[in-house]
Amino acid sequence: MDDDDTKGEPYDEIWRNLDLSPEKVAERDRRRKKAGDLFAELTSAPPERQAGLLRQERFQSLDLLDLLLESSQDAQLADPARAEDLSHLAARLAATLSEDEPEAVAALPRAFGLGANARRLRQDVTGADAMLAKAAPFLEFSGERALYSRIAALVRWEQGRPDEADALLRNAIRLFGEEESVPEVACCRGLLGLLQMEQRGLGDPLPSLLDGWVEMSRELRPALALRVVLSAAVCLAERRQMERARMKLREAWRLLSEIGDPRELLRASWLEARVLGRLGDREEALQMLESVRLRLFLEPSPAEAALVSIDLGLVLAESGRAAEIESLAEALRKAFPDEAPLIVATGGLLRFAELALDAEPGLPALARHAIATMLRTFRVARLSLQPMPFA
């Protein structure tokens, strides 16, 4: 048989198996280019003109809708304001298309959900709640409900409502499990572990953290993965499983190059210092915690400066330097005199200093309780905390 008669056969079979003939590939690429051109024209127009453009027939495109949703997803962490704008455009286009394209209705919960998460990342949890309320009537399938539950859990968490966040994350785990979406189940387990790490009354965080770490996509969500593995290392070190904790710390270091946000790297350093303190590497932990604390003063992030002061105070106490803890409270008071919630924080820090000076047993558990109490206070008072880096 002539070579020319056979050389295309393996590729032809591949095209048939994928149901993508060369003609279909060309058509797909043409549609993508057209959607890209429309996207560029729409997003470069002044905001007051964008609604009018979406009413034009040439913008009535499911491909454009998909591109708006994908672009909003991609922009969430790097530029949440842009992500929110794109989600609004997607919701508007989906509503317009829904009269003639029933599948466009299915895009509404995703568009509103993306808008809610973008607002959460902008520390507007009230606005995020409003977007979730818009999404709720359009939920139909378990995958949609899973996405909604996870975003709602993050919003409730950052509103200082941990029990509701716990229930919503467990619901998301169940729904993603029904969809057999292993990475998404793992992501939710990791988030649940982080919530339990913060509020120990909700359960033991270590199983969720370890389960999440094993299966979650570290390439897709490196910042979240880094928090999960470092938190697992903290838990292991607290249980005196030192070699396992060091192994997790080494795994975390391999992720650091994937994190581009200096604010997130600062929070990772904070967690790393906590691990080192529990491992007994106190001098290194003290240096890192003091560096983190000073940078939080400069951001400024008064709530997190107060929280890291508790961690620093614990390591000082364990290093025989409990007398220095009181000065940490005084520095907070002087740096942020107008932040009323910090009155609670400085009081808690001073109380911790007294307990440390009296060499009270169980100081690590007392520190965890003080941090959990402060976090609830700060969240209810809307004192800014770095949002969970999730999209």
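Helices here are DSSP runs of H or I with at least four residues, numbered from the N terminus. The model described is predicted.

**Two crossing helices**

Helix H3 spans residues 22–44 and helix H5 spans residues 62–75; their axes come within 9 Å and cross at roughly 65°. The crossing of H3 past H5 is right-handed. On the H3 side, the contact is made by Arg31, Ala35, Gly36, Leu38, Phe39 and Leu42, and on the H5 side by Asp63, Leu64, Leu67, Leu68 and Ser71. Sorted by class, this contact of H3 with H5 has seven nonpolar, two polar and two charged residues.

**Gln50**

Helix H4, residues 47–55, holds Gln50. Gln50 counts as buried because its relative accessibility is 13%, and buried means under 20%. A polar atom of the Gln50 side chain lies 3.1 Å from the backbone oxygen of Leu42, a residue of H3 that also takes part in the contact with H5.

**The largest nonpolar core**

The largest nonpolar core has 128 residues. Leu65, Leu68, Leu191, Leu224, Ile325 and Phe378 have the most contacts inside it. Helix H14, residues 222–238, gives the largest share of this core, with 13 residues. Leu68 is also one of the H5 residues in contact with H3.

**Neighbours of two residues**

The table leaves out residues up to four places away in sequence.

| Residue | Residues in contact |
|---|---|
| Gln50 | Leu42, Thr43, Ala45, Leu89 |
| Leu224 | Cys187, Leu191, Leu194, Met216, Met388, Pro389, Phe390 |

Leu191, listed for Leu224, is itself among the core residues with the most contacts.

Note on methods: Residues are numbered from 1 along each chain as its sequence is written. This is a predicted model: local features need pLDDT of at least 70, side-chain atom pairs count only at pLDDT 80 or more; totals for chains, interfaces and linings use all residues. Side-chain values use heavy atoms; hydrogens and water are left out. Axes are lines fitted to C-alpha atoms, for helices over the stretch in contact, and angles run from 0 to 180 degrees between N-to-C directions. A crossing is left-handed if the near helix is turned anticlockwise from the far one by less than a right angle, and right-handed if clockwise. Contact means heavy atoms within 4.5 Å. Ala, Val, Leu, Ile, Met, Phe, Trp, Tyr, Cys and Pro count as nonpolar, Asp, Glu, Lys and Arg as charged, and the others, Gly among them, as polar. Buried means under 20% relative accessible area, exposed over 50%, partly exposed in between (1.4 Å probe, protein chains only). A polar contact is a pair of N or O atoms within 3.5 Å; within protein, one must be able to donate a hydrogen and the other to accept it, and residues adjacent in sequence count only if both atoms are side-chain atoms. A nonpolar core is a set of buried Ala, Val, Leu, Ile, Met, Phe, Trp, Tyr and Cys residues joined through side-chain atoms within 4.5 Å.
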